[in-house]
Amino acid sequence: MSYSSTDSPERIPQVFIEAWNNRDPEKLASLFDEDAEFINVTGLWWHNRDAIQKAHAYGLRTIFSNSTLRLLRTKVKYLSETVAVVQARMKLTGQTPVGDVSSPGQRRNIFTFVVHKAGETWSCASAQNTDIVPNMETHVRDEKGQLRPADYRKPEDTA
């Protein structure tokens, strides 16, 4: 498989998506430092490249085996010439059905990658993936212990 180069910070999310869509957890994990940190959309936290690779191997095989990830927007903020924060808005379709959800809808997320220059390429030291929940501003835990999206704004506040 052929992948884009990681010669600039904005290429990190691009190659992440290429590896995701190719079901290539080894390539995906190679974007990360050996001691990288990764937090997924539910708050699962992996503390090194090997754990990131294993988690994505499972996810790409089980939860996202027919999914497609698409890059919608990338923004880079340089902290120095060799360190940057990359934020990427993405869209996921084709998640594996589960329980009573026979046709999962699309999801949108924002990934934050903290990257640094390593020789001629860029590497990721830390990443966090956040689901975008439309028209919601926070979460609340209900009486059954389930976390649900919540919006405290009054209708006149959203106009």
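I take buried as under 20% relative accessible area, exposed as over 50%, and partly exposed as in between, with a 1.4 Å probe and protein chains only. By that scale Arg 49 is partly exposed, at a relative accessible area of 28%.

**Ground rules.** I am working on a predicted model, where local features need pLDDT of at least 70, side-chain atom pairs count only at pLDDT 80 or more, and totals for chains, interfaces and linings use all residues. Residues are numbered from 1 along each chain as its sequence is written, and side-chain values use heavy atoms, with hydrogens and water left out.

**Sheet.** I took helices (H or I, at least four residues) and strands (E, at least two) as DSSP runs, numbered from the N terminus. I counted two strands as paired if DSSP finds at least two bridges between them. I found an open sheet of six strands in the order β2-β1-β6-β5-β4-β3, with mixed pairing. Its edge strands are β2 (45–46) and β3 (68–78), each pairing on one side only. I then looked at β5 (residues 107–118) and β6 (residues 121–132), which run antiparallel and are joined by 11 bridges. Phe 111 has Asn 129 in β6 as its bridge partner.

**Hairpin.** I looked up β7 (residues 138–141) and β8 (residues 147–150), an antiparallel pair with four bridges. Arg 141 stands opposite Leu 147 in β8. The two strands form a hairpin with five residues between them, and Gly 145 in the turn has a positive phi of about 85°.

**Helices on strands.** I used contact as heavy atoms within 4.5 Å. Axes are lines fitted to C-alpha atoms, for helices over the stretch in contact, and angles run from 0 to 180 degrees between N-to-C directions. Helix α1 (residues 11–21) lies across β1 (32–39), β3, β4 (83–93), β5 and β6, at about 160° to β3. Helix α3 (residues 49–62) lies across β1 and β2, at about 55° to β1.

**Salt bridges.** I searched the whole structure for a side-chain nitrogen of Lys or Arg within 4 Å of a carboxyl oxygen of Asp or Glu, and the search gave seven salt bridges. One of them joins Arg 49 to Glu 34, with the closest N and O atoms 2.9 Å apart. Arg 49 lies in helix α3 and Glu 34 in strand β1, so the pair ties together parts 15 residues apart in sequence.

Lys 54 and Asp 50 meet at 3.1 Å, N to O. Both lie in helix α3, four residues apart, about one turn of the helix. I noted Lys 54 as exposed at 54% and Asp 50 as partly exposed at 38%.

Arg 153 pairs with Asp 151 at 2.6 Å between the closest N and O atoms. Salt bridges with shared partners join Glu 137, Asp 151 and Arg 153 into one network.
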